[in-house]
Amino acid sequence: LFTSLSVSDTNAIPTLLARLPIFVPIPARCQRNMLDKDLAFAFETPFGRGRRFGPPVTIEDEDVLFAMLQLSGRRLIGQGSKLAVPLNDSSWLNDERGNLTVQVMIATVGQINKELGINDSGLNYKATIESIRRLAHVSIELETRKKDLYLGESWDGQTIRLVDIQWRAYEEDGLIFAQFSPLMVKWLREQATFHNWKMRRQISSANGRALYRFLCTQGNYYKKELEYIADVIHWHGDRSRLRPRMEAVLKQLRDQFDWCDFVIHGTGRSEPFVLEFSRRRKN
């Protein structure tokens with residue numbers, strides 16, 4: 001029924017997804033007060049605007065999503081109605097034969113936890129299952145700005161599901177099937193950012209992992225105000241301590257991983273703090 005292809009680089013993540021505040025370093029309990037009348041988490045960035053529907057998800061849930069991407073070793077090409085999780089026709093994502101391409105993962109919860117670098121305790125098993133259930137209900141309403149020579153500026157939008165998940169949970173372990181959407185595959189093939197998964201796992205704070213993910217999308221040189229970066233990634237916590245806390249993450253990336261060089265300019269009073277960042281290696 002399908003053509004099956006191996007995935008050559010599992011360290012790829014979609015650039016747009018890495019730039020948008022879908023998974024934020026804000027605890028789920030604090031996000032509830034940030035939802036709109038439709039119980040959606042709204043965001044607006046230079047890269048697009050939209051809303052996230054479903055349960056509040058955090059950087060820890062993004063860790064689980066990225067772990068599943070690491071374990072997804074195959075892409076399947078076939079008719080949407082015959083996929084393991086059947087999909088409706090999406091003509092603009094179909095190839096010339098009318099086929100869709102998805103990326104799939106079959107793994108146990110234990111394998112996912114091993115990829116996350118955590119042990120197989122009952123608490124970790126429960127937390128990963130709960131995260132997988134949340135991910136299964138997340139969808140994104142995304143709009144991107146478009147300029148027309150005659151009509152001016154407009155916004156094109158659509159609703160996106162990142163991944164469809166099925167699971168069979170037992171008392172001590174569970175089997176998980178994840179099917180990443182054709183749009184996710186398109187992003188991975190055409191607009192991917194590469195990150196070092198082992199490096200990310202060693203960054204202890206949610207703010208730090210969000211900062212690393214964002215900087216991965218910014219090329220080899222980047223310069224911007226700290227407050228702007230904090231707003232884009234939804235940095236959580238006391239902003240009066242923003243410089244030393246962001247600096248601590250950057251020092252770890254520089255000194256422990258030899259990943260970057262950086263300087264923070266400004267006083268924070270008459271002149272805002274500005275990060276000047278350069279990358280030593282790609283991921």
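How are α4 and α5 oriented to each other?

**View 1. Packing of helices α4 and α5 in the predicted model.** Helix α4 (residues 109-116) and helix α5 (residues 122-135) pack at about 100 degrees, and their axes are 10 Å apart. The two helices are therefore roughly perpendicular to each other (angles of 65 to 115 degrees; under 35 is roughly parallel, over 145 roughly antiparallel, the rest oblique). Axes are lines fitted to C-alpha atoms over the stretch in contact, with angles from 0 to 180 degrees between N-to-C directions; helices are DSSP runs of H or I with at least four residues, and strands are E runs of at least two, numbered from the N terminus.

**View 2. Residues joining α4 to α5.** Val109, Ile112, Asn113 and Leu116 of α4 meet Asn124, Tyr125, Thr128, Ile129 and Ile132 of α5 (contact: heavy atoms within 4.5 Å).

**View 3. Cysteine 260.** The structure holds zero disulfides (pairs of cysteine sulfur atoms within 2.5 Å). For cysteine 260, the nearest cysteine sulfur belongs to cysteine 216, 10 Å away. Cysteine 260 is buried at 0% relative accessible area (buried under 20%, exposed over 50%, partly exposed in between; 1.4 Å probe, protein chains only).

**View 4. Leucine 39, with positive phi.** This non-glycine residue has a phi of about 60 degrees. Leucine 39 occupies the loop between α2 (28-31) and β3 (41-45) and is exposed, at 59% relative accessibility.

**Notes.** Residues are numbered from 1 along each chain as its sequence is written, and side-chain values use heavy atoms, without hydrogens and water. In this predicted model, local features need pLDDT of at least 70 and side-chain atom pairs count only at pLDDT 80 or more, whereas totals for chains, interfaces and linings use all residues.
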